[in-house]
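Hi,

Here is the structure I promised to pass on.

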Amino acid sequence: MTAPVLLITGASSGIGAATARLAAREGFSLVLAARSRHRLHALADSLGGTATTPLIVTCDVQDWEQVAALPAHAEKAFGRLDAVFANAGVFAPTSFLHGSGSPEQWREMVLTNVYGTALVARATLPALARSRGHLVLTGSVAGRVTVPGQLYSATKWAVTAMAQSIRAEAAHTGIRVTLLQPGLVNSGERAPERGADPALAPDDVARAVLFALSQPDSVDVSELVLRPTGQHPHR
């Protein structure tokens with residue numbers, strides 16, 4: 001068989017980059033998508049283990065034309081698309097009571113985390129139906145618990161619902177859908193009150209992604225929840 005083809009959005013840093021590195025070692029052919037072409041090139045140059053050179057695509061997941069072109073890029077380069085990791089996301093501290101964060105930051109977060117994830121699913125599911133492939137979405141523990149004043153949590157609740165809705169709609173297609181819900185990850189900005197809390201490394205989350213992707217076609221890992229040891233279950 002040819003190497004399985006994995007598309008990763010938000011691939012230039014954090015969980016996306018860690019997943020790309022691990023998938024490369026596991027022999028995947030990669031399509032790496034993010035807004036920063038410079039970071040994508042640096043990541044691609046650092047990868048080893050793939051039989052083919054990663055395909056780099058500059059893409060803002062809020063832009064439908066750019067997102068809609070992703071499956072065609074993958075199929076032109078590799079002939080197929082087997083898995084999609086809809087990972088692009090943004091975090092900003094918020095408070096509904098005290099007005100933390102600017103309205104533009106709020107808009108960016110909602111459009112990236114919810115609208116962008118939905119666009120990636122819409123664009124890639126037909127290709128995944130052709131390959132009987134696998135869609136993995138980055139949710140969060142914050143999308144299954146109540147977090148006071150946090151709009152980010154609300155966006156991840158939306159991703160939780162989206163994953164369930166997609167799974168139900170695609171049940172007859174052979175597509176597998178995995179919702180990944182990590183706890184606090186040490187990959188960027190975090191809420192000030194979480195500064196001393198234990199955190200996962202991006203590599204920890206990447207291993208969970210590859211675990212789901214490595215299962216046989218008869219197994220659909222619907223949800224994966226992973227927290228750093230010691231994280232409170234309601235955070």
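Which hand does the crossing of H1 and H7 have, right or left? The crossing of H1 and H7 is right-handed. Before I go further, please keep in mind that this is a predicted model.

Here is the rest of that helix pair. H1 covers residues 14-25 and H7 covers residues 202-213, and the two pack with their axes 8 Å apart at an angle of about 55°. That angle makes H1 oblique to H7. On the H1 side, the contact is made by Gly14, Ile15, Ala18, Thr19, Arg21, Leu22 and Ala23. H7 brings Pro202, Asp203, Val205, Ala206, Arg207, Val209 and Leu210 to the contact. Sorted by class, the contact of H1 with H7 has nine nonpolar residues, two polar ones and three charged ones.

Now for a second pair, H5 and H6. The H6 helix takes in residues 151-169, and its axis and that of H5 come within 9 Å and cross at roughly 15°. With angles under 35 degrees counted as roughly parallel, H5 is roughly parallel to H6. The crossing of H5 and H6 is right-handed. From H5, the residues making the contact are Trp106, Met109, Val110, Asn113, Val114, Thr117, Ala118, Ala121 and Leu125. From H6 they are Leu151, Tyr152, Thr155, Lys156, Ala158, Val159, Met162 and Ile166. By class, the contact of H5 with H6 has 13 nonpolar, three polar and one charged residues.

One of those H6 residues got a separate check. Alanine 158 lies in helix H6 and counts as partly exposed, at 26% relative accessibility. Alanine 158 and glutamate 223 are 65 residues apart in sequence, and their C-alpha atoms are 15 Å apart in space.

Back in H5, have a look at threonine 124, which is found in that helix. Is threonine 124 buried or exposed? Threonine 124 counts as buried, because its relative accessibility is 0%. Setting aside neighbours within four places in sequence, threonine 124 is in contact with Leu7, Pro71, Leu81 and Val84.

Arginine 132 is exposed, with a relative accessible area of 55%, whereas glycine 133 counts as buried at 3% relative accessibility. Arginine 132 also has a positive phi of about 50°, although it is not a glycine. For background, most residues other than glycine have a negative phi.

What does glycine 133 touch, leaving aside its neighbours within four places in sequence? Glycine 133 is in contact with Asp82, Leu128, Gly174, Ile175 and Arg176.

Last, helix H2, residues 37-46. Its buried residues are Leu40, Leu43 and Ala44. Seen down the axis of H2, those buried residues fall within an arc of 100°, so they line one face of the helix. What lies over them? The cover over the buried residues of H2 includes H1, strand S2 (29-34) and strand S3 (55-58). The exposed residues His38 and Asp45 sit on the face of H2 turned away from its buried side.

Happy to go through any of this with you.

Cheers

Definitions and conventions
Residues are numbered from 1 along each chain as its sequence is written. This is a predicted model: local features need pLDDT of at least 70, side-chain atom pairs count only at pLDDT 80 or more; totals for chains, interfaces and linings use all residues. Side-chain values use heavy atoms; hydrogens and water are left out. Axes are lines fitted to C-alpha atoms, for helices over the stretch in contact, and angles run from 0 to 180 degrees between N-to-C directions. Helices (H or I, at least four residues) and strands (E, at least two) are DSSP runs, numbered from the N terminus. Angles under 35 degrees count as roughly parallel, over 145 as roughly antiparallel, 65 to 115 as roughly perpendicular and the rest as oblique. A crossing is left-handed if the near helix is turned anticlockwise from the far one by less than a right angle, and right-handed if clockwise. Contact means heavy atoms within 4.5 Å. Ala, Val, Leu, Ile, Met, Phe, Trp, Tyr, Cys and Pro count as nonpolar, Asp, Glu, Lys and Arg as charged, and the others, Gly among them, as polar. Buried means under 20% relative accessible area, exposed over 50%, partly exposed in between (1.4 Å probe, protein chains only). The arc is that of the directions from the helix axis to the C-beta atoms.
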